[in-house]
Amino acid sequence: MSDLVPFDLRCELLAAPVGLNTETPRFGWALESGRNEDRQTAYEICVGDDADAVAQGCGNFWSSGKVASDAQLHIPYDGRPLTSDLTLHWSVRVWNRDDQPSAWAGPASLMTGLMQRGDWDAQWIARYFVLPAGREIPADTLYDNPWQARPADYLRREFSLRGPLIRATVYVTALGLYELYLNGKRVGDEVMAPGWTDYHQRVLYQSHDVTNLVRTGENAIGAILGEGWYSGRVGHNQRRAGNHYGGRPALFCQLHLTYRDGSVERILSDAAWRTSQGPVCYSDFLMGEHYDARLELDGWAEAGFDDAAWQPVEVFVPDPREPLLTAAKSQPVREVERFEGRYLHESGNGGHIFDFGQNFAGYVELNVRAQSGDTFTLRHAEILDGEGGLYTANLRHAVCTDHYTACGKPQETFKPRFTFHGFRYVELTLPDHVALDDIGLTGIAIQSDTPKTGALQTGNELVNKLIANIEWSQRGNFLSVPTDCPQRDERLGWSADAQVFWRTAGYNADVSAFYAKWVDDIIDAQLPDGAFTDIAPSRPLNPYRQSAQPGAPGWGDGPVIMAWQHYLRYGDVRLLKTVYPSLLRWMRHVSEANPDFVRRNAVYNNYGDWLSVGPVSDRTMVATAYWVHVADVMGKIAAALNEHADTSAFAAQAANVRKAFFETFVSDNGEISGDTQTAYLLALDFDILPPSLRGAAEERLSRKLEQADNHLQTGFLGVKHLCPVLADIGSPELAYTLLLNETYPSWGFSIRQGATTIWERWDGWTPEKGFQSANMNSFNHYAYGSVGEWLYARMAGIDWDENDPGFRTVRMRPLFDRRIGWIDASYLAATGLVRSKWTWHGSGIDWTIEVPPNCRAMIELPYHPDSINCGGKALNEAGMSFTFENGKVLLQVKSGHFSFAISLRE
């Protein structure tokens with residue numbers, strides 16, 4: 001049997017898709033092996049409806065047979081036509097370099113979902129339309145609140161099985177948020193489902209096998225609906241705080257019952273359902289949730305419940321049109337981690353402050369013993385003020401407060417259903433007669449459950465904390481869409497924040513499916529004139545017009561940059577083809593507005609190098625530099641898609657914009673307009689300058705850093721280029737100095753102030769000035785965490801190769817530094833596990849690497865070949881073929897484990 005083993009099986013970028021949006025899904029797998037230079041020479045895929053048969057290589061839907069190929073990514077299905085409402089299983093085996101087959105991989109599952117609109121017979125149903133607050137005739141009730149936030153709607157109906165059942169599958173979505181129940185049991189483990197989209201265009205649905213939840217005889221199905229992104233508050237525009245897509249949440253549900261005789265019965269969302277209000281008095285992302293346990297509807301989702309007092313639902317067609325139903329493309333939002341609250345002290349207003357030790361997105365689970373009518377209030381904040389109380393001014397109009405009213409049971413547990421907060425600290429206010437010993441608080445972190453792919457530890461405490469802070473900012477903001485922040489009245493999918501961070505994000509987690517979902521939102525938001533938008537989904541942002549806010553330079557350019565990076569990381573040509581027409585429209589929008597090739601027009605809210613400190617960069621210069629970059633990237637995308645005419649056209653466009661940049665922004669002595677760190681960083685990293693001026697730009701960058709006492713002054717757009725450019729121009733020591741700075745402004749400064757996530761501003765809080773402006777001061781904002789890509793790509797030496805996308809070739813150019821001491825890094829690429837581990841000791845450096853089967857590594861080490869050995873032998877003796885150019889050893893290795901020792905000579 002072969003040592004070569006397939007693992008991490010994926011179909012349409014997911015481990016187990018629960019709904020397909022294509023009739024030709026693609027399959028892929030990673031490889032591992034116990035020997036060097038192993039490779040795949042052939043594969044065989046089988047797909048069938050019997051998991052046991054598939055495990056033995058027997059598939060009644062498709063058997064590819066032995067295919068002589070080393071391909072392992074995005075292999076299209078080529079079996080019998082797929083239809084809706086199928087649950088299938090698939091497996092793969094591979095042959096190694098000696099033509100020995102592996103065992104069949106453990107089967108993975110997939111559900112086809114409902115692939116055509118004609119497969120849906122359900123109708124949109126909702127509670128009949130009442131006042132904006134979702135209440136009956138105005139009266140003083142427990143559902144009153146100052147924000148007109150709606151109570152959650154409870155919906156139910158009953159049904160009977162008509163015979164022996166072999167399978168039950170439910171397909172469900174909502175305008176707003178939902179929880180689905182069958183016979184009193186919660187269906188699925190998602191939270192904040194179905195996720196955020198532009199509900200006027202597209203709604204995601206989820207699929208669940210519920211065979212084990214259906215009973216012989218009478219059954220009940222029910223749902224709870226919350227406002228969520230649909231009708232609740234999103235964004236910071238108080239003139240248009242909510243109701244961005246509609247005024248009430250709605251349900252769309254279809255339960256398929258497949259009987260032993262082959263017949264299928266469908267239980268639909270339709271006029272047969274009934275609705276009521278219940279204990280969720282209101283629930284809103286920004287305001288919080290009020291739950292009154294005295295109003296609980298015991299048994300409401302079980303058969304036999306008396307719903308005579310409930311009202312009939314209303315069947316309706318959503319405005320402005322019925323949305324497209326799309327199977328969920330990415331991992332759902334789930335509860336992913338729990339933190340026990342640590343009691344600190346009593347606050348000045350009589351509340352009790354708890355610390356969860358980590359800033360995160362989620363909510364608190366409250367366990368209490370109390371009397372009926374006792375109310376508990378939970379206020380949330382990221383940080384404490386100078387007197388030990390919650391600092392909430394930076395939340396702006398977000399109230400972020402949950403209330404729980406007890407019903408007097410011996411033990412009660414509450415956690416919100418349809419809201420989340422960004423916080424580390426909670427203030428609990430409780431009745432005087434309730435003791436703290438009767439209270440338990442647990443923080444629950446939620447996120448889109450993207451699989452973790454990267455792990456990086458070092459010998460430097462500060463760097464380890466930075467890595468953790470970057471990861472937690474990503475985890476707290478990748479929630480259906482990549483938001484800017486999870487706490488204040490904003491929480492929007494800003495494209496520049498995402499594009500500067502996207503390479504970092506891809507190391508931390510598998511974001512392939514997450515991006516495939518979000519790119520639909522980006523395309524849906526694109527304006528008729530071709531402009532991409534600043535945010536996606538786009539509707540909640542613009543207070544001045546009904547249409548979305550067009551994208552600024554660096555923001556509207558984001559989709560171009562991220563599409564290319566997605567291709568380089570995952571080798572996904574199909575997605576590149578999908579987004580390409582939209583990218584062309586954006587580039588046409590920019591070029592037609594600026595015929596002189598200087599980007600002065602169609603720049604909209606031209607943010608420039610947002611939130612930089614020190615000298616301000618010329619915004620037109622930054623905009624034009626980005627135009628050069630995206631024109632270059634578009635040329636590469638066109639080449640990858642064999643669009644040869646476009647490749648030439650974008651090369652010409654890039655050349656024209658470069659020429660205009662040089663003539664407009666570069667003086668005779670090489671100074672770039674604005675004379676800022678970011679000006680030179682963009683010019684160097686985007687390769688804008690002619691070779692004759694690169695040296696001058698490098699010198700000026702070094703001088704600007706020296707003038708800043710070797711501290712950064714960059715904003716969102718400039719920061720990601722700092723360490724990469726310094727490394728590329730031969731100043732890795734300075735890059736590490738910036739990385740390790742602990743004084744303001746630096747990454748280390750916030751860490752020394754106790755940060756557990758990345759701050760939005762370098763000076764979010766300083767000893768001299770206290771808090772920055774509360775109008776914009778998030779303490780969980782991942783953009784400045786874009787340095788993470790450099791930590792993996794250059795500190796650890798794990799990088800993609802643009803000439804061989806999908807990590808088939810790993811580019812390894814580690815930069816060793818005594819101040820780091822050691823690193824241990826791994827990255828689970830789509831092809832397999834890549835590892836890099838180095839230690840700096842007194843006389844040299846030991847470096848070990850692991851390259852996955854079927855792959856190779858291109859290694860670059862800035863040392864003389866005589867100082868390097870591999871496996872205890874000189875490179876020549878170890879059979880390593882290498883070249884020595886410009887003071888660097890360049891060599892190539894195939895897959896396997898390799899150990900290098902580098903002697904440091906004076």
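**Pockets and a helix crossing**

Colleague: Which helices and strands each supply at least two residues of the lining of the second largest pocket?

Modeller: Bear in mind that this is a predicted model. The lining of that second largest pocket draws at least two residues from each of several elements. They are β1 (5–11), β2 (26–32), β14 (202–209), β24 (333–340), α5 (512–525) and β41 (822–828).

Colleague: And what volume does the second largest pocket have?

Modeller: Its lining takes in 46 residues, with Leu 14, Ala 15, Ser 330, Gln 331 and Pro 332 nearest the centre. By class, that's 22 nonpolar, 12 polar and 12 charged residues. The volume comes out at about 750 Å³.

Colleague: OK, now the largest pocket: which helix gives the largest share of its lining?

Modeller: This pocket holds about 1,100 Å³ of space. Of its 40 lining residues, Arg 503, Asp 685, Asp 728, Glu 802 and Arg 811 sit nearest the centre, and the lining as a whole has 16 nonpolar, 7 polar and 17 charged residues. The largest share, 5 residues, comes from helix α8 (residues 619–640).

Colleague: How is α3 oriented to α4, roughly parallel or roughly perpendicular?

Modeller: The axes of α3 (residues 461–477) and α4 (residues 495–508) come within 11 Å and cross at roughly 95°. Angles of 65 to 115 degrees count as roughly perpendicular. So α3 is, relative to α4, roughly perpendicular.

Colleague: Which residues of α4 do the α3 residues meet?

Modeller: By class, the contact has 3 nonpolar, 3 polar and 1 charged residues. From α3 come Ile 470, Glu 471 and Gln 474. Their partners in α4 are Phe 501, Thr 504, Ala 505 and Asn 508.

Key: Residues are numbered from 1 along each chain as its sequence is written. This is a predicted model: local features need pLDDT of at least 70, side-chain atom pairs count only at pLDDT 80 or more; totals for chains, interfaces and linings use all residues. Side-chain values use heavy atoms; hydrogens and water are left out. On a 1 Å grid over the protein atoms alone, a cavity is a set of points where a 1.4 Å probe fits but cannot get out, and a pocket is an open set with protein on both sides within 12 Å along at least five of seven lines; lining residues have an atom within 4 Å of a point. Grid points are joined across faces, edges and corners, and a volume is the space filled by probe spheres set on the points. Helices (H or I, at least four residues) and strands (E, at least two) are DSSP runs, numbered from the N terminus. Ala, Val, Leu, Ile, Met, Phe, Trp, Tyr, Cys and Pro count as nonpolar, Asp, Glu, Lys and Arg as charged, and the others, Gly among them, as polar. Axes are lines fitted to C-alpha atoms, for helices over the stretch in contact, and angles run from 0 to 180 degrees between N-to-C directions. Angles under 35 degrees count as roughly parallel, over 145 as roughly antiparallel, 65 to 115 as roughly perpendicular and the rest as oblique. Contact means heavy atoms within 4.5 Å.
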